Each structure stands twice: as C-alpha cells, then as structure tokens.
Amino acid sequence: MLYQIRDGSVSVGGNLVLSHVDFDIKGREKIAVVGRNGAGKTTLLKLIAGDLSLDRDDKRNGPGIWQSRQLTIGMLGQQVFAHPERTVEEEILEDCPAGDTYERERYEYEQEYDRLFTGFGFAKSDKKRRLESFSGGEQTRIGFIRLLLAKPDILLLDEPTNHLDIKACEWLEEYLRSYPHAVVMVSHDRFFLDQTAEVVYEISGRRLVRYAGNYTFYRQEKQRRLAAGQKAYARQQEEIGRLSQVIERFGHKPSKAAFARAKKKQLERMERVEKPETDDVHLFTGEISPMLPGSKWVLDAKELKLGYDRQLLELSLRVRRGQKIGLIGPNGAGKTTFLKTIAGLAAPLGGSCRLGNQVTFGYFDQHSAQIQSEKSVAEHFQEHFPALTDKEVRSILGAYLFGGKEASRRVSALSGGEKARLVLAEILQSRPNLLLLDEPTNHMDIQAKETLESAFGAYTGTILFVSHDRYFIRQVAQSVLVLEDQTAYYYPFGYEHYLERSRRRDVRESIAAQVKAEDAALLAGMRAVPRAERHRLQEIPEEEAYLDWKLRLAGERMELAEAAFIKAVESSQSIRELWLAGEVQQEIRDEADQAQQAAWEAWHEAVLEWWQLLLRKKG
C-alpha cells in the first residue's frame with residue numbers, strides 16, 4: 001500500500017464535502033475519480049496534495065492518512081510562472097537534477113524533455129520562445145511538461161486533456177499508461193479515462209465507492225450493483241409487509257400472541273437494506289423505431305463535390321438503411337459541410353446527392369439548440385406533439401432526464417446542453433428514419449451524454465454524425481467515415497478498431513485497413529445478402545464461386561476468433577480483480593494479459609484476411 005485514507009472527512013467553508021471515506025493507492029495504480037459537478041473530486045485531489053486537511057474527529061482511530069514512506073506528490077493546476085520573461089528552455093532545464101551538461105542523467109532528462117515537448121504539440125523551435133509569448137492554454141501544457149519531468153510518486157491531474165487536441169490526448173494516454181508511478185486523475189473525457197484508468201472511485205452522497213477497472217467497467221458494474229440492490233430492497237420491503245400483516249392479524253388473539261411477538265422481534269432485529277439511489281442516467285431498453293422504414297439505400301452520393309468558395313472534398317458514397325456512421329477528421333475537412341449538403345442547407349459544387357424513397361430526416365447542429373420560449377419544458381414539448389397526453393409527455397421527458405420539477409422549468413432558463421437535449425428528444429420522438437447530427441452532445445454533462453448514447457443505440461434508423469467526443473463516437477458509431485486530405489475513406493470495423501490500426505500503421509498506407517467511401521456499398525450489400533444465397537454455382541463464374549467459398553470460411557474463422565478474444569478479455573478481467581485483491585501473483589496477471597493480446601491479434605488477423613478476400617472479390 002502506497003497511500004491510504006481511513007475514515008476521513010473533509011469540510012470546505014463549513015460545508016461537509018466528504019464524510020468518513022476510505023481511499024487507497026496501491027503501487028503504480030492509475031486511478032480515476034468520477035462524480036457529478038460539485039461532488040468533491042477536486043477536494044479529494046487537494047487533500048492528497050496536502051492543500052487541505054482532514055476534519056478533526058474523535059471517533060476516528062489513528063491519524064486518518066497513512067503513507068508507506070515520504071512521498072513526492074505533484075498536482076497539475078493553473079500555471080503561474082515566476083519569471084515569464086524566461087524562455088521555455090531556461091525554465092525547464094532549471095529543474096534538471098544533473099548540473100553537469102555532460103552527465104548521463106542530464107542527457108536522459110533532455111531526451112525526455114524533447115519527447116514531452118513534441119508530444120504536447122509544440123515545435124522544437126518553440127523552446128527558445130519566452131513564456132509570456134504563449135497563450136494561457138499553452139502555458140498550462142508547459143507546466144504539465146515540467147510536472148511530468150519531476151516524476152512525482154503520486155501524480156494528481158485535474159482535467160488534464162483541457163487545451164489538448166485529439167492527437168495530443170492519444171499521446172498522453174500512451175505516456176500515462178507507462179508512467180512509472182501512481183496517477184490520480186479527474187476528467188470529463190471518458191475515452192481518456194477508459195484508456196488510462198485501472199481503478200475508478202465514484203464520489204456520491206459524500207462517500208467513495210471503489211471499482212476495479214476502467215470507466216466502462218465502472219459504468220457496467222454500477223448498473224449491476226444498482227439492479228441487485230433494488231431487488232434486495234424490494235424483497236425486504238415485501239417481507240416487512242408480510243410480517244407486519246401477520247403481527248396485525250394475530251396480535252390481538254390470545255392463542256397467537258406468542259407467535260405475533262416472535263414475528264415482531266424478527267421484524268425489529270431485521271437489518272434494514274438501504275433504498276439504493278437511482279442512477280442519474282436513463283438507459284433505453286426497448287427500440288426507438290422510425291415511423292416509416294424508408295428505402296434500403298438511404299443515401300446515394302456520386303462524385304459529390306463539397307465546399308463553398310473552394311472545393312473541400314469529393315466523395316462517392318452509398319449508405320444502407322440502419323447504418324450508424326461517425327464522421328471524423330481534422331477541422332475544415334468538410335464534415336459539417338457534408339451533413340448540410342445532405343440536409344439541403346448547402347448546395348454541392350458538383351456531382352449528385354440523392355436521398356432514397358420515403359427517407360425522412362432529422363437535422364441537428366449547434367444552432368438547433370438556440371431556442372427561446374417562456375413556456376415550460378412540458379408545454380413546449382406538448383406543443384410539438386399535441387396528440388400526446390400530459391402523462392405521456394412527462395414519461396417521455398423523464399426518459400431524457402426532464403423528470404419531475406425539471407419538466408416545469410422555463411425553456412429559456414435551460415443551459416445550452418439542456419436545450420440541446422430537449423431538441424434531440426423532440427427529433428427522436430418525431431421518428432425520422434435518418435438522423436444528421438453535428439456535435440449533438442456539446443456542453444452536456446456525462447449523465448446526459450450517456451442517456452443519449454443509450455437512445456441512439458436503441459434507435460433502429462440510420463445515423464450520420466459528427467462529434468469530437470471519442471467515447472460517444474465509440475458507443476454510437478458502428479463504422480467511421482474518415483475525411484482528410486480532400487479524400488473520404490470508409491472504415492467498417494468501428495472507431496476503436498480504427499484507432500488501434502492507426503497506432504500500428506498509418507491508416508492511409510494500408511489497403512486492408514480501409515477502403516474508399518464508395519466501397520462501403522459493397523460491404524453493406526454483402527452483409528444484406530443471406531449467407532445461403534451467396535454461393536450459387538449455376539449463376540456465377542467458377543472463380544467467383546471459389547472466392548465466395550473462401551470468404552465464407554474466413555468469416556467463420558473470424559467469428560471463432562472473436563469469441564475466443566471475448567473469452568480471453570473476460571478471463572483477464574477476472575484475474576486482474578484477483579490480482580488487485582492480492583489473491584494471485586503478478587506473473588499470473590501478466591500471462592492473462594499476454595493471452596488476451598494474442599487472442600486480439602488472432603482476431604485482428606482473421607478480420608483482415610476476410611476483408612482482403614472481400615476486396616479481391618470486388619476487383
């Protein structure tokens with residue numbers, strides 16, 4: 001155990017923030033702290049940093065905080081440099097532990113400095129610039145570099161991905177995974193937490209709950225615990241009701257008085273199960289189906305030229321009914337322009353863009369949420385859907401986190417994120433069969449994002465969307481359309497698979513890892529044809545039949561490899577929990593991790609083999 005808080009309470013400004021909490025840091029753990037705004041996440045970081053102290057408590061045994069040794073603790077905060085006239089180089093090298101320019105320690109420090117500096121998106125020439133010439137966000141990154149070079153035993157990070165672009169975030173994730181000491185972090189970037197955290201502590205109701213796993217595991221495990229707690233509470237309430245009826249029925253009968261007293265004592269001795277708190281996130285369990293299914297091919301774009309005063313992009317693409325495609329790429333690549341062109345809000349510079357028969361679409365961008373009304377949320381919603389009863393309106397709004405008093409708030413008093421959530425609820429309730437969404441979750445808290453992720457997952461229509469939230473992309477997109485360098489590439493295996501492939505090799509150099517956007521139709525078409533109908537020798541040439549046969553076998557191998565990978569992941573997670581509990585040795589955990597990696601590589605190779613055969617069949 002590296003660091004421990006036992007039975008600790010913290011008050012700030014006379015208000016109790018944390019009450020009798022336990023908190024552990026073991027070895028080199030990477031820990032995420034999550035909770036609603038104002039729950040006490042930053043307070044916990046300040047307590048660990050030594051900026052705050054535990055409240056005095058005569059009932060607590062011991063000092064409350066224990067350390068295995070004298071620890072160095074560093075916290076990322078707002079940077080204020082004492083000498084802004086200095087250059088970055090002068091500021092950073094002042095902290096170098098080796099004074100002699102030619103010492104090996106100095107050489108290694110400068111190598112690490114170079115790696116960090118470029119990793120955070122700076123050019124090497126920026127080292128010679130004065131600190132005062134950088135923006136506030138850039139100065140924060142420079143302070144972050146200085147902190148990482150100090151390599152404290154416990155690294156405390158409060159929103160570390162602020163002021164970082166996606167490329168720098170990905171680089172930081174890789175760096176923190178290999179960081180040689182413990183890390184405790186607070187972040188609203190769920191994808192970042194998924195990539196870095198091994199343990200999650202949730203702050204709720206002034207208490208801390210520990211979950212062994214990353215952010216996604218925490219969310220799944222919390223849902224499981226809530227469901228189990230609700231069942232246990234319901235069972236006990238049923239038993240309490242039964243015992244109360246027995247006591248009431250027999251309490252006044254002399255012949256049954258002893259029996260009634262025994263039941264009363266049983267009821268009094270019963271250890272009460274606390275009513276579990278309801279989760280702030282609503283999960284949609286049923287389907288959200290469009291009013292009309294629409295045609296099989298939702299969108300057909302041929303040599304479509306996008307842009308305004310100049311051409312940004314040319315693409316050809318067919319989108320099949322039911323696909324959920326995330327548009328990714330750098331700013332200015334044409335993502336928003338593409339959505340506007342489909343919606344008819346921007347004219348193409350050339351080519352054609354045609355929606356299928358009976359395709360109805362709902363369009364959302366940041367202007368969609370700029371609604372002003374003095375009506376309540378419920379009144380505003382019912383105005384759009386007058387056929388709904390008041391009860392139905394409130395039930396639907398509750399599913400989008402406008403339950404109870406929230407439905408009575410004035411629309412004009414809602415925040416930007418809340419207005420966006422209301423508009424998206426209206427769009428989904430109108431049941432179009434195509435959703436065109438441009439940054440739908442901007443300015444939303446995590447609870448709202450996860451509710452909408454669940455809604456879009458339950459939606460059975462077609463979605464084309466743009467988002468900078470990597471976790472949202474991963475949860476919603478079944479495939480991605482990459483727009484860059486005036487070219488569109490369709491990647492059919494999902495966002496996380498795309499990122500993994502990008503790390504191993506530049507995506508643009510691998511035919512097996514991507515296809516041009518127009519080839520999306522081929523993949524969609526193959527998935528739409530029943531397997532039994534793909535192999536019909538009397539209607540197709542022998543070579544094509546042979547390729548179909550090989551494709552079927554490759555598909556079966558791919559499915560078996562995927563099942564083996566899922567099993568290896570489950571086994572690795574179980575062993576990791578045992579390792580964290582000290583029940584198995586590090587070597588066993590390493591073996592499980594290696595088995596998981598080997599299973600992933602086997603599945604990855606099987607997918608690529610199937611994909612290469614598919615490309616060969618086409619061409």
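Trainee: Which residue caps the N-terminal end of α7?

Mentor: Look for a side-chain oxygen 3.4 Å from the backbone nitrogen of Thr-216. That's a polar contact (N or O atoms within 3.5 Å, one able to donate a hydrogen and the other to accept it; residues adjacent in sequence count only if both atoms are side-chain atoms). The helix labels are DSSP runs (H or I, at least four residues), numbered from the N terminus. The oxygen at the end of α7 belongs to Asn-214.

Trainee: At which pLDDT do side-chain atom pairs count?

Mentor: Residues are numbered from 1 along each chain as its sequence is written, and side-chain values use heavy atoms, leaving out hydrogens and water. This is a predicted model, where totals for chains, interfaces and linings use all residues, local features need pLDDT of at least 70, and side-chain atom pairs need pLDDT 80 or more.

Trainee: Are α7 and α8 roughly parallel or roughly antiparallel?

Mentor: Their axes (lines fitted to C-alpha atoms over the stretch in contact) come within 9 Å and cross at roughly 155°, on a scale from 0 to 180 degrees between N-to-C directions. Angles under 35 degrees count as roughly parallel and those over 145 as roughly antiparallel. So α7 and α8 are roughly antiparallel.

Trainee: How many nonpolar residues does the contact of α7 with α8 have?

Mentor: Contact means heavy atoms within 4.5 Å. The residues involved include Ile-240 and Leu-243 of α7 and Phe-259 and Leu-267 of α8. Besides two polar and three charged residues, the nonpolar class (Ala, Val, Leu, Ile, Met, Phe, Trp, Tyr, Cys and Pro) has nine.

Trainee: At what angle do the axes of α12 and α13 cross?

Mentor: Arg-421, Leu-424 and Leu-428 in α12 meet Ala-448, Leu-452, Ala-455 and Phe-456 in α13. The axes come within 12 Å. The crossing makes α12 roughly parallel to α13, at roughly 10°.

Key: Helices (H or I, at least four residues) and strands (E, at least two) are DSSP runs, numbered from the N terminus. Angles under 35 degrees count as roughly parallel, over 145 as roughly antiparallel, 65 to 115 as roughly perpendicular and the rest as oblique.
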